[in-house]
Each structure stands twice: as structure tokens, then as C-alpha cells.
Amino acid sequence: MRLIQYKNPFDQEIEQLNRMFNWAFPFSRATVRASSYAPVDFYENEEGYRIEVDLPGFSKEQVRLEQQDGSLVLKAEQGDSEMDAENRRNVERTIKLPDDVAFDKIQAKLTNGVLEVTLPRREELKPARIEIK
Amino acid sequence: MSTNVDNKVETAVAAREEKPSRVYRKPEYRVNKEDNQYAVQVFLPGITREEVNLDARRGVLKLETARAETTRTTDKALHRERYLGDYRLELQFGPEIDMGSISAQLQDGILKIRLAKQAELEGRVVPVE
């Protein structure tokens with residue numbers, strides 16, 4: 001018999017609520033396992049967009065990024081390396097991307113436990129100044 | 001009398017402005033007990049080696065981070081979840097820790113601290129001459 005794992009779509013929201021609660025009541029006993037949650041920042045600049053994800057303890061080889069139907073799917077899994085079983089972490093997040101991202105030019109790097117994804121805008125959609133003659 | 005109070009208030013206000021109270025957060029951490037040592041893991045994503053200050057004395061391990069100003073971005077944030085402030089953690093260990101043997105290593109956003117137990121904690125029989 002196999003157990004079917006049901007992934008609750010609200011898990012992430014609950015986790016976020018927990019974090020808010022912890023922030024509001026820092027001395028409460030409720031603790032959030034940040035380990036199963038990878039917080040994401042999304043920035044916009046002139047060149048395009050930038051995503052930053054906290055992934056402490058993950059090596060480059062353990063992180064997988066895929067682009068699916070206009071979304072960025074991040075999967076990070078720790079094998080049975082130096083971490084023991086109870087500390088092993090799996091992270092999965094899907095981030096909806098804006099339409100103007102040049103999907104073929106996405107770049108990512110992992111430094112100090114933070115994944116930085118650079119998403120340039122498509123050239124033809126970059127804001128351009130029109131010269132007046 | 002009133003000027004005296006005023007002065008005191010002014011100095012207090014000045015001191016406060018000089019040293020803005022910083023907000024710290026306690027990082028996520030784990031302590032594992034091994035045979036003859038403790039292994040501490042502190043989660044510090046985005047923190048570099050230079051930004052960590054680790055201090056061990058009298059059985060207390062103090063950790064404080066100070067993020068460099070340059071890490072702050074000027075890009076427009078559309079969505080934010082990450083904590084970009086500083087961390088502070090204080091861990092108290094018993095007298096069995098050999099404070100001189102503590103070693104720490106920062107890798108992939110995790111600070112790994114090793115605290116060895118003192119060899120002579122067991123005590124010994126002192127011969128009387």
C-alpha cells in the first residue's frame with residue numbers, strides 16, 4: 001500500500017500567518033519552522049526583475065529551477081548528506097512571473113544561502129525613450 | 001531645578017538619537033549533542049563572514065550580525081517576505097564547555113559552531129603527600 005501525500009495548497013499561507021504572529025508576539029512559544037519555508041523577495045528595476053530566496057544550507061546541486069507556463073518553479077531538496085534525517089529539508093515554491101520576462105535569459109546564482117534569480121525584460125518591451133526630432 | 005530636569009531630558013534625548021535602538025531577530029538554530037561536543041547550527045541566510053560577530057566568555061556564546069549597508073537594494077520591491085535586518089542570539093552553556101576550543105565556520109548561510117567539552121570535567125583524585 002502506498003500513502004498518498006496530500007499537499008495542502010494553504011500550507012504556505014498558514015506558514016505566512018505563523019510568521020506574522022511570531023513577528024507580532026516574539027516571545028510566544030509558537031515557533032515557525034523556517035526550514036520548510038523559503039521566503040521570497042521580488043524586485044523590479046530598469047533591466048527587469050530580480051528574485052531573492054533564502055535557502056540556507058542548500059548547495060548549488062540541491063537546487064533546481066524550472067520555468068513552467070510562465071511560472072518559475074523552485075525545488076530544493078537535501079539528500080542524506082551531512083544533515084541528519086530530522087534536519088533534512090525540502091522546499092518547493094512556484095512564483096508567477098510577469099509576461100514581459102525574457103524567459104531564455106533568466107540567470108541564477110546561489111551565494112551565502114541566498115538564491116538570486118535575474119529576469120531581464122524582453123528587449124522589445126523595455127521602456128525606451130523616443131527622440132523628438 | 002527645572003533647568004536641571006530639562007538638561008537631563010536633553011541629554012537623554014541626545015543619547016537616544018546618537019544610538020538608535022536597533023531591532024534584532026533571533027535566528028533559527030539547532031543544537032545537537034554529540035559524544036564529546038555540542039554542534040550548533042545557526043541559520044543566517046545572506047550574511048557574510050565579515051558581518052558575523054561571535055563572542056564566547058563565561059559559558060555564554062553571543063552572536064550578533066551587522067549587515068553591510070551596501071546589501072540594501074534600491075530596486076522597487078513588488079513583494080517581500082525575507083528578513084533583511086540583523087540577528088542576535090545568546091546561548092548559555094554549562095561549565096563543561098572548553099571556551100578556548102570553540103570553532104565556527106560559515107557555509108551556505110549556516111554558521112556551524114563546535115563547542116568541545118572539557119576533558120577534565122570528570123574530576124580526579126588528588127593524592128595527598
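Visitor: How many salt bridges does the structure hold?
Guide: Counting over all chains, the structure holds 14 salt bridges, and please keep in mind that the model is a predicted one.

Visitor: Which residue does Arg121(A) form a salt bridge with?
Guide: Its partner is Glu44(A), and the closest N and O atoms of the two are 2.8 Å apart. Arg121(A) lies in the segment after strand S7 of chain A while Glu44(A) belongs to strand S1 of chain A, so the pair ties together parts that are 77 residues apart in sequence.

Visitor: And is Arg121(A) buried or exposed?
Guide: Arg121(A) counts as buried, with a relative accessibility of 8%, whereas Glu44(A) is partly exposed at 21%.

Visitor: Switching topic, what does the side chain of Arg50(A) meet in chain B?
Guide: There the side chain of Arg50(A) meets that of Asp75(B) in a salt bridge, at 2.9 Å from N to O. Asp75(B) sits in the loop between strands S5 and S6 of chain B, and Arg50(A) is in strand S2 of chain A, so this pair joins two chains.

Visitor: What about Glu52(A) and Arg50(A)?
Guide: Their side chains also form a salt bridge, with 2.2 Å from N to O, and both residues are buried, Arg50(A) having a relative accessible area of 10%.

Visitor: Which residues do salt bridges with shared partners join into one network?
Guide: That network is made up of Asp41(A), Arg50(A), Glu52(A) and Asp54(A), together with Asp75(B) and Arg82(B).

Definitions and conventions. Residues numbered from 1 in each chain as written. Chains lettered and ligands numbered in written order. Predicted model: local features only at pLDDT ≥ 70, side-chain atom pairs only at ≥ 80, totals over all residues. Heavy atoms only, no water. Salt bridge = Lys/Arg side-chain N within 4 Å of Asp/Glu carboxyl O. Helix = DSSP H or I, 4+ residues; strand = E, 2+ residues; numbered from the N terminus. Buried < 20%, exposed > 50% of the residue type's maximum accessible area, 1.4 Å probe, protein only.
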